[in-house]
Amino acid sequence: MVKRYGQNPLRQRDLSRFVKDLVRRSRSKCELCGCSGEKLSILEIFHDEDMTDANQCIFVCKTCLEQIIYPKKTVASHWRCLNNAIWSEVPAVQVMAARMLKRLARVEHWAGELLEETYFDSEIKEWAALTE
Ligand SMILES: [Zn+2]
């Protein structure tokens with residue numbers, strides 16, 4: 001059973017179409033922290049009305065999801081995993097990693113450094129709102 005998260009409840013039914021693709025892509029691991037054996041949820045990264053494939057979502061574990069949704073629950077040490085996730089070949093994973101690093105960078109020196117060291121395509125920068 002996979003829970004789905006998105007902005008629009010109607011769209012959540014749509015998102016389930018991508019479960020197979022996400023399972024294949026992630027090899028059933030959290031795409032942010034890499035943990036396996038956990039229940040994974042679909043997190044929508046790009047809110048695009050014409051959503052046509054799984055590239056706009058990522059698969060995340062409960063720990064990652066909770067901290068993304070509830071910033072107050074953020075445990076900075078958990079996000080050391082972003083050292084790997086930030087280099088993901090999946091744009092949506094890179095965007096989420098960059099967004100988290102941006103949030104963490106306010107209090108965590110290493111996060112700011114990692115963000116500066118990473119090369120992003122201009123599209124990714126825009127999606128991750130790094131240019132703001
Ligand atoms: Zn995770």
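A quick word before the close-ups. This is a predicted model, in which local features need pLDDT of at least 70 and side-chain atom pairs count only at pLDDT 80 or more, while totals for chains, interfaces and linings use all residues. Residues are numbered from 1 along each chain as its sequence is written, and side-chain values use heavy atoms, with hydrogens and water left out.

**View 1. Four cysteines hold a zinc ion.** The SG atoms of Cys30, Cys33, Cys61 and Cys64 coordinate the zinc ion at 2.3 Å. To count as a donor here, an N, O or S atom has to sit within 2.8 Å of the metal (3.2 Å for Na, K and Ca), and water is not among the atoms, so sites may look incomplete. Read along the chain, the donors show the spacing C-x2-C-x27-C-x2-C. Cys30 belongs to the loop between helix H2 (19-26) and strand E2 (40-44), and Cys64 to helix H3 (residues 62-69), so this pair ties together parts that are 34 residues apart in sequence. Helices (H or I, at least four residues) and strands (E, at least two) are DSSP runs, numbered from the N terminus. What shape does the site of the zinc ion have? It's tetrahedral, with angles of 107 to 115° among the four donor atoms. That label asks for four donors with all angles between 85 and 135 degrees. For reference, the ideal angle for four tetrahedral donors is 109.5 degrees. Cys30 is buried at 3% relative accessible area, and Cys64 is buried too, at 0%. Buried means under 20% relative accessible area, exposed means over 50%, and partly exposed is in between (1.4 Å probe, protein chains only).

**View 2. Cysteine sulfurs without a disulfide.** How many disulfides are there? The count comes to zero, where a disulfide is a pair of cysteine sulfur atoms within 2.5 Å. Take Cys81: its closest cysteine sulfur, in Cys64, is 5.1 Å away, which is too far for a bond. Cys81 is buried, with 11% relative accessibility. Cys57 is buried as well, at 0%.

**View 3. Three salt bridges.** Side chains of opposite charge can pair when their charged atoms come close. The cut-off for a salt bridge is a side-chain nitrogen of Lys or Arg within 4 Å of a carboxyl oxygen of Asp or Glu, and a search of the whole structure turns up three. One of them joins Arg24 to Asp21, with the closest N and O atoms 3.6 Å apart. These two sit three residues apart in helix H2, about one turn of the helix. Arg24 is exposed at 59%, while Asp21 is partly exposed at 32%. Next come Lys62 and Glu66, at 3.9 Å from N to O. They're four residues apart in helix H3, about one helical turn. Lys62 is exposed at 55%, and Glu66 is partly exposed at 30%. Glu31 is buried at 12%, and Arg25 is partly exposed at 23%.

**View 4. One aromatic pair.** The whole structure holds one aromatic pair. Its rings belong to Phe46 and Trp127, with centres 4.4 Å apart and planes at 50°, so the pair is tilted. Rings of Phe, Tyr and Trp (its six-membered ring) pair if their centres lie within 6.5 Å; planes under 30 degrees apart count as stacked, over 60 as edge-to-face and the rest as tilted. Phe46 is in the loop between E2 and strand E3 (57-61) and Trp127 in helix H7 (residues 122-127), so the pair ties together parts that are 81 residues apart in sequence. Is Phe46 buried or exposed? Phe46 is buried, at 10%, whereas Trp127 is partly exposed, at 36%.

View 5. Look for Gln94 in helix H5 (residues 91-104), where it is buried at 10%. Leaving out residues up to four places away in sequence, Gln94 touches Ala85, Ile86, Ser88, Tyr119, Phe120 and Ile124. A contact means heavy atoms within 4.5 Å. Ile42 is in strand E2 and is buried at 0%. Ile42 and Ser16 are 26 residues apart in sequence, and their C-alpha atoms are 8.2 Å apart in space.

Methods: Four donors count as tetrahedral if all angles lie between 85 and 135 degrees; four count as square planar and six as octahedral if opposite donors are over 155 degrees apart and all others between 65 and 115; anything else is irregular.
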